[in-house]
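Please examine the model below with attention to its strands and helices.

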Amino acid sequence: MISVEVPSETATIESLRETELVEARAIQLAMLASEGLRTPQVTIESEFQPVTEVGGDFLGYFLLSDGTAGVYLGDVTGKGLPAALFAALAVGTLRGVHKTGTAPSTVLAQLNKRMLLKNVTVRYAAMQYAHLNPETGVMRVASAGMHGPFHLRAGGCDDLALSGIQGLFPNTEYEMKEIQLADGDSVVFLSDGLIDAMDGDGDILGIEKILELLADCREKSPQEILRTLFSYVEAYAKVQPQQDDRTAAVLRYSPSS
């Protein structure tokens with residue numbers, strides 16, 4: 001008689017969990033932008049590297065009905081499946097906020113109010129939202145607790161350094177900046193997983209090194225900027241395991257092309 005080994009209950013649970021994580025990752029990837037956005041004036045590309053099977057970063061870009069290009073990047077506290085679920089909640093809520101003709105700071109304020117109504121107080125999200133008028137090159141951007149974004153212009157790179165936090169305090173107001181993009185300028189949005197990458201000695205990469213790297217990238221395409229950025233971070237971290245989700249989006253304004 002051939003003996004059949006019955007899997008243990010622990011092994012069955014582990015197998016089920018693995019299957020659920022694979023499904024959760026597929027669902028999360030479906031929520032993210034699957035390909036770049038390209039118009040005659042604007043190109044947006046992105047890269048997403050979760051630290052586990054699923055992550056707490058979320059990202060999207062789109063064209064509004066008035067032709068405005070919109071882009072958002074968020075970073076939920078924590079990692080893994082709970083953070084991914086909160087990210088899904090944030091994305092779903094954001095999609096219900098009217099954006100056409102609405103200032104980015106107002107969009108974040110409305111999102112904050114709606115997230116607070118969900119009464120999920122154990123987590124919160126840092127986030128940036130921007131929109132660009134492709135006819136004028138004017139970008140308006142608001143931020144809730146994230147570094148940057150970074151404006152790649154002729155002669156260097158600027159950290160827009162906005163303030164605010166999302167989904168934590170009621171009646172929060174968000175700072176908004178308006179910048180004029182020149183032909184060939186890019187704006188780079190990064191999650192903390194890239195900026196806070198650590199080397200083997202535990203030293204954090206930091207804003208200054210990011211600025212130095214991006215300052216030499218203005219002539220590169222969005223895809224080239226992303227490759228340069230992620231390769232640099234991976235080389236810096238070396239043997240240090242990835243500590244957080246790494247997500248970036250690059251918007252390039254090139255009306256003459």
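Predicted model: local features only at pLDDT ≥ 70, side-chain atom pairs only at ≥ 80, totals over all residues.

Q: In what order do the five strands of the open sheet stand?
A: The five strands of this open sheet pair in an antiparallel manner. Strand 3 (57–63) and strand 9 (176–180) are its edge strands, each pairing on one side only. Between neighbouring strands the average turn is 15 degrees, direction ignored. The order is 3-4-5-6-9.

Q: Which residue in strand 9 is the bridge partner of Val 138?
A: Strand 6 (residues 138–144) and strand 9 run antiparallel and are joined by five bridges. In strand 9, Val 138 has as its bridge partner Gln 180.

Q: At about what angle does helix 2 run to strand 4?
A: Helix 2 (residues 80–95) lies across strand 3, strand 4 (69–76) and strand 5 (125–133). Relative to strand 4, helix 2 runs at about 150 degrees.

Q: Why is one side of strand 1 and of strand 8 left without a neighbour in the sheet?
A: Six strands form an open antiparallel sheet in the order 1-2-11-10-7-8. Strand 1 (37–38) and strand 8 (156–159) stand at its edges, so one side of each lacks a neighbour in the sheet because each has a single partner strand.

Q: Which helix runs at about 145 degrees to strand 8?
A: Helix 6 (residues 222–237) lies across strands including strand 2 (42–49), and runs at about 150 degrees to strand 11. The helix that lies across strand 7 (150–153), strand 8 and strand 10, at about 145 degrees to strand 8, is helix 5.

Key. Residues numbered from 1 in each chain as written. Heavy atoms only, no water. Pairing = 2+ DSSP bridges. Helix = DSSP H or I, 4+ residues; strand = E, 2+ residues; numbered from the N terminus. Axes fitted to C-alpha atoms, helices over the stretch in contact; angles between N-to-C directions. Contact = heavy atoms within 4.5 Å.
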